[in-house]
Amino acid sequence: MPVKLVCPRCRTTEGAAPLEAGEPQAGRAWTCPRCGARYPILHDIALLSRDAGALLEHDLEGWLGGGETAPESLDPGLGLALAWLGGERRRRSMGARVLAASAYGDGGAALRGWVRAMLAAHHAAGAGEGLDLGCGAGAAACELSVRLDRAWALDTSGTALRLGRAIACGETRWLDVPALGTVTRRARVDPVEGARPDRIVWLGADAHDPPIEGGAFDVVVALNLVDTVRDPWLVVQQAIAATRSGGLLLVACPFSWRDDLTEADRWLGDDARRSAEDGPAALEGLLAEAGALLDRRELDWSLSHDARATMLRRALALAVRVR
Ligand SMILES: C[S@@+](CC[C@H](N)C(=O)[O-])C[C@H]1O[C@@H](n2cnc3c(N)ncnc32)[C@H](O)[C@@H]1O
C-alpha cells in the first residue's frame with residue numbers, strides 16, 4: 001500500500017484526510033479537501049505542519065532564503081506568522097553545520113554504515129517505503145533510496161532538506177561544521193554512492209506530529225534525533241507508530257542533550273543528571289515494548305576539532321522488528 005499523507009490539522013479529530021494528489025509545484029499550496037487547511041510549498045518542499053510559524057522560526061533562512069520563494073506561496077496564515085516573526089527575527093537557523101557534521105562528518109560514516117548493514121540484513125532489497133525522521137542532510141534517506149522504492153525524508157529545517165536534496169542529486173558541498181565549542185571548520189560533504197534522488201520525497205514536518213498515515217512504512221530510521229526534540233518519548237512513539245507491523249525500525253541516539261532543545265525533565269532516564277548512564281536503558285525499554293530487538297551496538301561518533309584533536313561521543317544504535 002502506498003504511503004498516504006494526511007492533513008496535520010484535521011486528522012486528530014476527524015480521521016485521516018488525504019491531501020490532494022499531485023506533485024508539489026513551486027508557488028503552490030496544498031489544500032486539505034476536508035478542513036480546507038492550506039500548506040505552503042517552499043523551494044518545492046511541502047511544509048505540512050499544524051504550526052508552520054514554528055517551523056519557519058526554527059529555520060527562517062533555510063525556508064525563506066535563497067530568493068526562490070514565490071510570495072504567492074505564502075497563504076494569509078503564514079503571512080501573519082511572518083509579520084509576527086518580523087518583530088523578533090532572530091535567524092537562529094540550525095544552519096547546515098550541525099546537520100552535515102552529524103550525517104556526513106567523521107563519525108556519521110559509522111551510523112550510515114550501520115543503516116546500510118541493517119537494511120542488507122533485515123530488509124529485502126528493491127521494495128517498500130522508508131522514512132527518515134529528522135533526516136538532517138539526508139544521508140540515511142539516501143541509503144533508503146538505494147534499497148527501497150521510495151524514501152520520505154522529514155525534517156523541520158529547510159536548510160537541512162535543501163542541503164539533503166542537493167547532495168542526493170550528486171552535488172558536493174563545502175560547509176562550516178562544528179568542531180569544539182564555538183569553533184567551526186570547513187568540511188566537504190560528498191554524495192552517497194548510488195543514491196536515487198528520484199525516489200526521495202523531502203518533507204517539512206514535525207516528528208512529534210508526522211503528517212502520514214500510521215503503520216505505513218516498511219523501514220523507519222531516526223538517527224541522532226531523539227536527543228534534539230522537545231518530547232523524546234513522543235517522537236519515539238511516533239517512529240514506532242509509523243512502522244508497519246513486521247517493519248524495521250532503526251534508532252540511534254548519542255544522548256547529547258541540550259536543555260535549550262529538550263527540557264531536562266523530558267530527557268530519557270529516571271534522572272536527567274544521569275541520562276548519559278541510564279538513558280540508553282530507557283530507550284531500549286521503550287523499543288523493546290514495540291517489538292523484537294534485532295541489533296544493539298554502540299557506535300563512536302567523532303568530530304574533528306583540527307588535525308590533532310577529536311571529540312568523541314558514543315551513540316546507542318538499536319534495530320527493532322516492530323510487532
Ligand atoms: C543532529 S541532527 C541529525 C540528522 C540526521 N538524522 C543524521 O543523523 O545525520 C537532528 C535533526 O533533527 C531535526 N529535527 C529536530 N527536531 C525535529 C522535529 N521535531 N521534527 C523533525 N526534525 C527535527 C533537525 O533539524 C536536524 O536536522
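Me: At what angle do the axes of helix H6 and H7 cross?

Reply: This is a predicted model. In it, the axes of helix H6 (residues 108–122) and H7 cross at roughly 25° and come within 10 Å. Because angles under 35 degrees count as roughly parallel, H6 is roughly parallel to H7.

Me: Is that crossing left-handed or right-handed?

Reply: The crossing of H6 and H7 is right-handed.

Me: And which residues make the contact?

Reply: On H6, the contact is made by Gly108, Arg112, Val115, Arg116 and Leu119. On H7, Ala139, Ala140, Glu143 and Arg147 take part.

Me: How many residues of H7 are buried?

Reply: Helix H7 (residues 139–147) is mostly covered, with 8 of its 9 residues buried. Among them are Cys142, Leu144 and Ser145, as well as Glu143 and Arg147.

Me: Let us change topic. What does the largest nonpolar core look like, and how many residues has it?

Reply: The largest nonpolar core has 87 residues. Those with the most contacts inside it are Ala153, Val220, Val221, Ala239 and Val251. This core draws at least three residues from each of domain 1 (11–87) and domain 2 (95–322).

Me: Which residues does Val251 touch?

Reply: Leaving aside residues up to four places away in sequence, Val251 touches Ala222, Val226, Ala239, Leu283, Leu287 and Leu318.

Me: What about Ile41: buried or exposed?

Reply: Ile41 is buried, because 21 other C-beta atoms lie within 10 Å and 20 or more are needed for that label. Ile41 lies in strand S2 (residues 38–42).

Me: Now the backbone. What is phi of Asp44, and where is that residue?

Reply: Phi of Asp44 is near 65°, a positive value in a residue other than glycine. Asp44 sits in the loop between S2 and strand S3 (45–47). With 17 other C-beta atoms within 10 Å, Asp44 is partly exposed.

Me: And what is phi of Asn224?

Reply: Phi of Asn224 is near 50°, again a positive value in a residue other than glycine. Asn224 belongs to the loop between strand S9 (217–223) and helix H9 (232–242). Asn224 is buried, with 24 other C-beta atoms within 10 Å.

Me: Finally, how many helices and strands has the protein chain?

Reply: The protein chain has 10 helices and 12 strands. Of its 323 residues, 47% count as buried.

How values were computed: Residues numbered from 1 in each chain as written. Predicted model: local features only at pLDDT ≥ 70, side-chain atom pairs only at ≥ 80, totals over all residues. Buried ≥ 20, exposed ≤ 12 C-beta atoms within 10 Å, placed from the backbone. Helix = DSSP H or I, 4+ residues; strand = E, 2+ residues; numbered from the N terminus. Core = buried A, V, L, I, M, F, W, Y, C linked by C-beta atoms within 7 Å. Domains from an automatic or database assignment. Contact = placed C-beta atoms within 7 Å. Axes fitted to C-alpha atoms, helices over the stretch in contact; angles between N-to-C directions. Parallel < 35°, antiparallel > 145°, perpendicular 65-115°, else oblique. Left-handed = near helix turned anticlockwise from the far one by under 90°.
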